[in-house]
Amino acid sequence: NNDDAPVLVGVWYAASYRLDVYADGNYVLPTNGEYNAKGQVETTNPPANDPDLYMPDVTSTEAGSNYWDRTRNILWLILKGPVLIDVETMDQVIIMFNVPPMSVDEFFGENLVNNIANFFGVPSSKIRFARAVAEGSRKRRDNSETVIITIENAPGNSTDPSDLSPDQMASISANIISTYQLGGLESALNITILGITVTEPP
């Protein structure tokens with residue numbers, strides 16, 4: 001490919017793991033991403049009336065510009081010129097809690113993150129509160145919310161000694177599942193849990 005002929009490519013992935021894009025070895029922030037105070041990347045979903053809001057524009061963006069479309073599990077990215085593009089599937093644990101709305105209000109964000117960090121011995125900087133969303137109309141009668149927590153290392157070429165290894169993430173995932181099955185997760189995190197789904201590292 002040459003500089004005058006950029007190409008927008010969409011790649012479908014079966015699972016919703018975090019995908020980090022590098023252009024010539026340098027991490028490229030997603031078009032809908034920004035860093036929070038912990039150095040974690042926070043992403044924003046597009047509004048319902050403009051689902052392509054964050055789609056990379058081949059006429060104005062550089063090679064490696066990217067957007068992860070969660071609704072379709074498609075990674076969109078720009079290929080341009082001689083720039084080498086690498087896409088890395090990152091190790092992470094994804095925890096989806098189904099909880100009563102009051103639990104979300106009371107333990108929203110950092111309190112839940114800190115409870116998880118303290119109980120499982122994970123640095124809070126590795127835990128990200130993704131979002132809280134109301135259940136769809138089919139389940140709305142249950143008056144519940146879905147809270148999504150991810151355990152992951154920061155993006156980029158990190159040399160942080162506190163970074164979690166794949167084995168550590170697998171152990172954390174197994175510990176969460178076993179603690180829930182044994183009935184100890186609610187008291188450990190101080191929330192009411194109606195259900196839980198844990199996605200283990202790839």
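**Reading a sheet and a pocket**

Modeller: Let's begin with an open sheet of 3 strands, whose order is β1-β7-β6 with antiparallel pairing. Keep in mind that this is a predicted model.

Biologist: Happy to! Which strands stand at the edges, and why is one side of each left without a neighbour?

Modeller: In general, strands of a sheet pair through backbone hydrogen bonds, either parallel or antiparallel. Here the edges are β1 (7-12) and β6 (66-69); each has a single partner strand, so one of its sides has no neighbour in the sheet. From one strand to the next, the twist averages 20°.

Biologist: How many bridges join β6 and β7?

Modeller: There are 4 bridges between β6 and β7 (residues 74-79), in the antiparallel sense. For a pair to look up, find Asp-69, which stands opposite Ile-74 in β7.

Biologist: Now for pockets. What is the volume of the largest pocket?

Modeller: The general idea is that rolling a probe the size of a water molecule over the atoms shows where empty space is left. In this model, the largest pocket has a volume of about 430 Å³.

Biologist: Which residues lie nearest the centre of the largest pocket?

Modeller: Those are Asn-32, Thr-43, Tyr-67, Trp-68 and Arg-70, out of 28 residues that line the largest pocket. By kind, the lining divides into 13 nonpolar, 7 polar and 8 charged residues.

Biologist: And which strand gives the most to that lining?

Modeller: Our edge strand β6 does, with 4 residues. At least two residues of the lining come from each of β2 (19-23), β5 (41-43) and β6.

Conventions:
Residues numbered from 1 in each chain as written. Predicted model: local features only at pLDDT ≥ 70, side-chain atom pairs only at ≥ 80, totals over all residues. Heavy atoms only, no water. Pairing = 2+ DSSP bridges. Axes fitted to C-alpha atoms, helices over the stretch in contact; angles between N-to-C directions. 1 Å grid on protein atoms, 1.4 Å probe; cavity = no way out; pocket = protein on both sides within 12 Å on 5 of 7 lines; lining within 4 Å. Points joined across faces, edges and corners; volume = space filled by probe spheres on them. Nonpolar A, V, L, I, M, F, W, Y, C, P; charged D, E, K, R; others polar.
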